[in-house]
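Visitor: I am new to reading protein models, and I would like to learn how to go through one feature at a time. Could you guide me through this one?

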Amino acid sequence: MAGASDVTVREIPPRSGAAFVLQAGEVLRVIDPLGTQVSDLVAYNAADVREVISNGRTFDYEETIALTTDHRLFSNRSNVMLQIVEDTVGRHDFLLTPCSEATFCHFYPQHPVHRGCFGNLAEALAPFGIEPDAIPTAFNLFMNVPVLGNGSLRVDPPTSKAGDYIRLRAEMDLIIGLTACSAYASNGGSFKPIHYEIEK
Ligand SMILES: [Zn+2]
């Protein structure tokens, strides 16, 4: 893989998040280093953060909710933000919102409340002028949400194994928010780090 040997691998510790610029043409590789760990991804147009990744537009244009290699991720303005160029897992979710204080209260009343991916994204994105209300439904890398025959949803452990990854190419200059997810069910009951690197 060209360029893979001369890029820096960065770590997002368990139950935390990061935000960074990804320039047009660069490829973001997100790695599940230990396996069975979700990473929520959001994207904004770096030139105008009111333009944001949109699951609904993406489902419209790609005519599927099973997004993998060669699929494009669209913005609320119907522009392509990212294209998936490689995917060793093939199982991701774009239906469910980032876990948050409110979802912890709802699903895990027996556990301490955590700010979740939503709170982690809000803190990481604040320096870019992005407010919490501007956080959309994330593209949940490695998250395994089967849609059952009656339309109901289940959250199963990710199928990702240690070292699995997805690579996404930026089609415009972007601000990316990325997490190591904090929710119990999404991650098979334990919290692991996420690794990422930017191939220029
Ligand atoms: Zn989460």
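This is a predicted model: local features need pLDDT of at least 70, side-chain atom pairs count only at pLDDT 80 or more; totals for chains, interfaces and linings use all residues.

Visitor: Which residues coordinate the zinc ion?

Guide: To read a metal site, one looks for N, O and S atoms within 2.8 Å of the metal. Here the zinc ion is held by the SG atoms of Cys 99, Cys 117 and Cys 181, at 2.2 to 2.3 Å, and along the chain these donors follow the spacing C-x17-C-x63-C. Cys 99 sits in the loop between strand 7 (80–87) and helix 2 (101–107), while Cys 117 belongs to helix 3 (residues 116–125), so this pair ties together parts that are 18 residues apart in sequence.

Visitor: Is Cys 99 buried or exposed?

Guide: A residue counts as buried when its relative accessible area is under 20%. Cys 99, with 9%, is therefore buried, and Cys 117, at 0%, is buried as well.

Visitor: How many disulfides does the structure hold?

Guide: A disulfide needs two cysteine sulfur atoms within 2.5 Å, and the structure holds zero of them. Cys 105, for instance, has as its nearest cysteine sulfur that of Cys 99, which is 12 Å away; Cys 105 is partly exposed, with a relative accessibility of 46%.

Visitor: Which residues form the nonpolar patch on the surface?

Guide: The patch is formed by Ile 65, Val 147 and Leu 153, which together have about 240 Å² of accessible area. Val 147 lies in the loop between strand 8 (139–141) and strand 9 (164–170), and its relative accessible area of 43% makes Val 147 partly exposed.

Conventions: Residues are numbered from 1 along each chain as its sequence is written. Side-chain values use heavy atoms; hydrogens and water are left out. Patches are made of residues with over 30% relative accessible area and no salt bridge: like charges are joined within 9 Å, nonpolar side chains (Val, Leu, Ile, Met, Phe, Trp, Tyr) within 5 Å. Accessible areas come from the Shrake-Rupley method with a 1.4 Å probe; for residues, only the protein chains shown count as cover. A salt bridge is a side-chain nitrogen of Lys or Arg within 4 Å of a carboxyl oxygen of Asp or Glu. Helices (H or I, at least four residues) and strands (E, at least two) are DSSP runs, numbered from the N terminus. Buried means under 20% relative accessible area, exposed over 50%, partly exposed in between (1.4 Å probe, protein chains only). Donors are N, O and S atoms within 2.8 Å of the metal (3.2 Å for Na, K and Ca); water is not among the atoms, so sites may look incomplete.
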